[in-house]
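Colleague: I have a chain open and a few things to ask about it. Can we go through it bit by bit?

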Amino acid sequence: MCGIAGYVSNTKPTKKVLKAMTDRIEHRGPDGEGFYLDDKVALGHRRLAILDLTTGDQPIYNENKDIVIIYNGEVYNFLELKEELKDKYKFYTKTDTEVILHAYEEWGHDAVKKLRGMFAFAIWNKKEEELFCAVDGWGIKPFYYCKNDKTFMFASEIKAFLDHPDFKKEFNEEILSAYLCFNSVPTEETFFKGVKRLRPGYSLTYKDGKIKTEKFFELKFEEKDRKIEDIAEDIDKAMQDSVKHHGIADVEVGSFLSSGIDSSYIVSTFKPNKTFTVGYENPKYDEISYAKDLSEKLGIKNISRKIDKNEYLKAFPKIMYHMDEPLADPSIGALYFVAEIASKEVKVVMSGEGADELFGGYNTYQEDLTQQWYMKIPYPIRHLGYWIASIVPDVRGFNFVWRRGQKLEDYNIGLGRVMRDSEAQKLIKCKNQIHTKDIVAPYYKTYKNNSDTVKRQAIDYYFWLVRDFLHSVDRLCMMFGLEGRTPFLDENVYEVARKMPTYAKINKETTKPALRLAAKKVIPNEAYKKKKLGFPVPLREWVREDDLYYDIKDKFNSKTAEKFFDVKKINKLLEQHRNKRKDTYKKVWTIYTFIVWYNQFFEA
């Protein structure tokens, strides 16, 4: 896992500019740097040494020195691919990087279809004058790009562009209301005008001044009836194999550990020497005791830390800088601290992201079963209820009527909508906002012939897993020079999950029944039964306490707030929560997060 940056220009690139770009993301690769420059292209690399610690420096070249690669990630089937390629190509290193390079020589753009793992890379083909880039199908590794009249540039993080003289930093206000609804940036476009993020499962080719993107992978579900016991057996076989491959490294591999089934399953399967957990003084939000119990039963070490409010809030501006894009998920603060303690002990950690989206882990997936009584009401009557709920305040009971009075594709944007579009657009001063329904519409079209459960899974995958959870794992691990690996996001695990029938994903009693049955075989305590908490944060209570309340109030009445928001309305949200008239802390925190982020990049 590393950091990459580079550019193609119609003027000769310079090492000074390239080095400034890679220095900006030095945290992603504190173990070394490498550069390639010619008359057209500059490629820079920051290395976090995980495999082949002695000869694995990048860039890496083919034998003729006319093809060069920089790469961020881990390809877990590289030994199998190397065996397939070794009779035709000479290998000078023991890295997966060189395998990707020769795979490109052998199969061209189709090489990406053969890679099992997480990756973002750029390959410069000097003879063809072609830059070929790609991101793994899961969207684990980031790749940003932008183009102007003079230059095409790319990097693992947007902040690398700030050091390029051809980059013009401008704020993109057209996605602000969408951000307030999702709590993250849900579009290919970012808040930096002209900067895009390459989507999961896409390659990008830059040649003759033109950008071409092409999809090579997308989630496909084919639900098939099978005995749940047989499905559980297949899950466990796939997970055993995935964890084994994700454990490949020339350095020690540890694991994050919460109290829930996902990380507990990984830890019980892999049995690392060390696990890492964070918690809080409030027992409602503390998972340390659960993690220590499991670790003790497995005979492994658990390293934990309790976080207090002051250190959480002190770290928050730094977190926003490293995130590149505003992300209002409160759990990112806990992830920051667990990554920090892990980085002092190991260079690689496993984490449980992806299990809920693939195996049906969210309570919202149960709605079609638990709310059947309401869905029996004729749609015209339910839709009338929706219209009534649309004009009344956003409260729990009316939210239910508002949701269930519409078709799934008309309201569902995934795991945790923060605001309705109408409310978000009333809070901001910016015009020409993108509607959330239009953002998710192409995905509903893709999965139109699937069940509602699958539609929910797909939306949660692309808009919450990729934009929130994977984004934060990458940024908050890499800011400490720590590699995060996600064994649930593996092609063999996916092949089992995508064929599961609905009853293996949810029932009226629980979520993820098939996964729980598989995990029960290896987890030595009751974690396989437990609902996911995922490093929760007592933010609801903190927002009402004087220090955070007055800090938010100050931000809500700042010049930045006045520029983008109706100050009176956002202050009303804050007061409603402070006085316990409404539970509005998620809305308040989403606005506060944006202001803190904006100040890091546009007011600093």
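Colleague: Charges to begin with. How many positive and negative side chains does the chain have, and how far apart do the centres of the two sets lie?
Modeller: This is a predicted model, to say that at the outset. The chain carries 99 positive and 92 negative side chains, and 4 Å separates the centres of the two sets.

Colleague: And the secondary structure, how many helices and strands?
Modeller: There are 25 helices and 17 strands in the chain.

Colleague: What does the C-alpha trace span along its principal axes?
Modeller: About 70 × 55 × 45 Å.

Colleague: What percentage of the residues count as buried?
Modeller: Of the 604 residues, 61% do. The chain exposes about 23900 Å², and carbon and sulfur atoms supply 48% of that area.

Colleague: What about contacts between residues at least 6 apart in sequence, what share join residues at least 24 apart?
Modeller: In this chain, 72% of them.

Colleague: On phi, then: what is the value at K65?
Modeller: K65 is not a glycine, yet its phi is positive, about 65 degrees. K65 belongs to the loop between β4 and β5 (67-75).

Colleague: Is K65 buried or exposed?
Modeller: Exposed, as its relative accessible area is 55% and the cut-off for exposed is over 50%.

Colleague: And K580, what is its phi?
Modeller: Positive, about 60 degrees, and K580 is not a glycine either. K580 is in the loop between α24 (567-578) and α25 (585-602). At 63% relative accessibility, K580 counts as exposed.

Colleague: Since α25 came up, how far apart are its end C-alpha atoms?
Modeller: They are 25 Å apart, which agrees with the 26 Å that its 18 residues should span at 1.5 Å a residue. α25 is mostly covered, with 15 of its 18 residues buried.

Colleague: How far does α5 reach from its first C-alpha to its last?
Modeller: α5 (residues 228-246) reaches 26 Å over 19 residues, close to the 27 Å expected at 1.5 Å a residue.

Colleague: Which residues in α5 are buried?
Modeller: Among them are I231, A232, I235, D236, A238 and M239. Further along α5, S242, V243, H245 and H246 are buried too.

Colleague: Now K15. Where is it found?
Modeller: In helix α1 (residues 15-24). K15 counts as partly exposed, at 47% relative accessibility. Leaving aside neighbours within four places in sequence, K15 is in contact with F35 and L37.

Colleague: How far are the C-alpha atoms of K15 and K150 from each other?
Modeller: They are separated by 17 Å, and the two residues are 135 apart along the chain.

Colleague: Last one, S203. Which strand does it lie in?
Modeller: S203 lies in β11 (residues 202-207). Its relative accessibility is 5%, so S203 counts as buried, the cut-off being under 20%.

Colleague: What is S203 in contact with, leaving aside its neighbours within four places in sequence?
Modeller: F132, C133 and A134 are among its contacts, as is L198. S203 is also in contact with K212, T213, E214 and F216.

Technical notes: Residues numbered from 1 in each chain as written. Predicted model: local features only at pLDDT ≥ 70, side-chain atom pairs only at ≥ 80, totals over all residues. Heavy atoms only, no water. Helix = DSSP H or I, 4+ residues; strand = E, 2+ residues; numbered from the N terminus. Expected span 1.5 Å × (residues − 1). Buried < 20%, exposed > 50% of the residue type's maximum accessible area, 1.4 Å probe, protein only. Contact = heavy atoms within 4.5 Å. Areas by Shrake-Rupley, 256 points an atom, 1.4 Å probe, with all protein chains shown as cover. Lys, Arg positive; Asp, Glu negative; His and termini not counted. Charge placed at Lys NZ, Arg CZ, Asp CG, Glu CD.
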